[in-house]
Amino acid sequence: MASKSSSPALALGPSTLDVAFDAGTLGLQLKRLRSSDPLATGTALIPCYAFINDVVKGSQGDKGGVKVGDGVIAISGVEFSRKAPALTFSAPSPTKTPGGLTTIVSEGNLADSNSSSEGSDFVHVPNAGVNTGTNTSNSQELGHVDESSYEDLMVAIKSHDRKESPLVITFQRYHWSSDELAWSRFLTARDFDLVSSKAMIKQQQLWRKENLPVDRLDPGIVRVLNSGGVGSVLHPPALITSPDNDDTSTPNPFLYVNLASIQSLNAEMLAEGNENGSDLIVKAFVSLTEECLDASPNPSAPKVSQLIDLGSIGLNFSPSILKQVYQVFESNYPETLNHFIIYPVNRFVAAGIYGVLSFINEKTRKKFIVTDRIEVVCEHLGLREDEVGPDLGEFMRTKSGGEEKCK
């Protein structure tokens, strides 16, 4: 059933979560942020030194609502944050705020360091993210991470006596489309050229404002979604690790495109005098893309695969609609594609497919999987071959158990 898309035109701000941990296993696996990590690069800095890489089911962290991708920003009231100040500071020393929280203060001008004040929830570690002895604006651009601060964070976690009092960890959660998380993807897409990256993300923000959310109740969109030509599987039924999905055991969502159905639908609309058929198809694709990325296991590295079903297409293959979809996807969802799978295509035709899709850039072409083997498709999408069966299209048209959600 179609519903109005909830995808935000512009990303929401970060939310925070406080979780108190008693004695026992936290059930959390941390991933430290290093200077070499693209997330650390650029002016829209990620403030965290560590992200949650895995949450053990049934653990304290799981019961507390912690999710993969959450960043650790404070330990029992002490903030560990990469907010770079205007100056380089001396070694910090702890004091107490009127609110009773432990504060880390340093000598120097704190005007740009978001230092604590009465009534504030957290306090700031001014040295975080500063490349000592260099111009701090340059260190921000280069994404310098003070590696020792991560060690301090870990000491704060491990040294707390949870038998005496709970360890309170504060997490910060970002939407996958937030500037803080999106910035690294745009930098990577533009080979870390700051000028072109900023121009690209600015254009994408304008595009989101003009095109999102997609109205899933629009009759034209409903027609496309009900045609069987496009669909999505948000939670593949097999909880396995696919070859390129090492962040979590949950497979990434994927989009399904039945090219024969889409081309037929577009031809029908043109015959009816509707010249906007391809635009409606692109809008439906965008809506499903947003839905898939919302369901991606890790918002700091959101991924979606695309499965192009060429079964029954015959000699009528035309790349025009795929080209229109690709242009929107490449410009507005950089570095979110996991795999681009084209099936079924035998090895004798594969070279011709690459030629027809020459409009796709080299980076994306490296993610191509052109195959006539259903087991290859299943392996890379986190599906079980016995559940898919011999008819991929039929599997996508019906719910076949597991946790998949087909649209």
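Select Leu307 and show what surrounds it. Leaving aside neighbours within four places in sequence, Leu307 is in contact (heavy atoms within 4.5 Å) with Phe254, Leu255, Tyr256, Val257, Ile341, Tyr343, Val377, Leu381 and Leu392. Leu307 sits in strand β11; helices (H or I, at least four residues) and strands (E, at least two) are DSSP runs, numbered from the N terminus. With a relative accessible area of 0%, Leu307 is buried; buried means under 20% relative accessible area, exposed over 50% and partly exposed in between, with a 1.4 Å probe and protein chains only. Draw a C-alpha to C-alpha distance from Leu307 to Leu255: 6.0 Å in space, for 52 residues apart in sequence.

The model is predicted: local features need pLDDT of at least 70, side-chain atom pairs count only at pLDDT 80 or more, and totals for chains, interfaces and linings use all residues. Residues are numbered from 1 along each chain as its sequence is written, and side-chain values use heavy atoms, with hydrogens and water left out.

**Whole chain**

Zoom out to the protein chain, which has 14 helices and 13 strands. Of its 407 residues, 49% are buried. Among contacts with a separation of 6 or more, 72% are between residues 24 or more positions apart. The chain exposes about 18,900 Å², and carbon and sulfur atoms supply 51% of that area. Accessible areas come from the Shrake-Rupley method with a 1.4 Å probe; for residues, only the protein chains shown count as cover.

Two packed helices are described by the angle between their axes and the distance between the axes. Axes are lines fitted to C-alpha atoms, for helices over the stretch in contact, and angles run from 0 to 180 degrees between N-to-C directions.

Select residues 259-271, helix α7, and residues 277-294, helix α8: the two pack at an angle of about 140°, with their axes 8 Å apart. α7 and α8 are therefore oblique to each other; angles under 35 degrees count as roughly parallel, over 145 as roughly antiparallel, 65 to 115 as roughly perpendicular and the rest as oblique. Show side chains for the contact: Ile262, Asn266 and Met269 come from α7, and Gly277, Ser278, Leu280 and Ile281 from α8. By class, the contact of α7 with α8 has 4 nonpolar, 3 polar and no charged residues. Here Ala, Val, Leu, Ile, Met, Phe, Trp, Tyr, Cys and Pro count as nonpolar, Asp, Glu, Lys and Arg as charged, and the others, Gly among them, as polar.

α8 and α9 pack at an angle of about 45°, their axes 10 Å apart, which makes α8 oblique to α9. The crossing of α8 and α9 is right-handed; a crossing is left-handed if the near helix is turned anticlockwise from the far one by less than a right angle, and right-handed if clockwise. On the α8 side, pick Ser278, Asp279, Ile281, Val282, Phe285, Val286 and Thr289; these meet Ile321, Gln324, Val325, Val328 and Phe329 in α9. The contact of α8 with α9 divides into 8 nonpolar, 3 polar and 1 charged residues.

**Helices α4 and α5**

Next select α4 and α5, which pack at an angle of about 125° with axes 9 Å apart. That makes α4 oblique to α5. Their crossing is right-handed. α4 contributes Asp179, Ala182, Trp183, Phe186, Leu187 and Ala189 to the contact, and α5 contributes Leu194, Ser197, Lys198, Met200, Ile201, Gln204 and Gln205. These residues comprise 8 nonpolar, 3 polar and 2 charged.

**Backbone stops**

Most residues other than glycine have a negative phi, and most peptide bonds are trans.

- Phe192 is partly exposed, at a relative accessible area of 43%.
- Ser312 is exposed, at 69% relative accessibility.

**Last stop**

Select Lys163, in the loop between α3 (147-159) and β8 (167-173). Lys163 is exposed, at 76% relative accessibility. From Lys163 to Gly24 the C-alpha to C-alpha distance is 9.2 Å, although the two are 139 residues apart in sequence.
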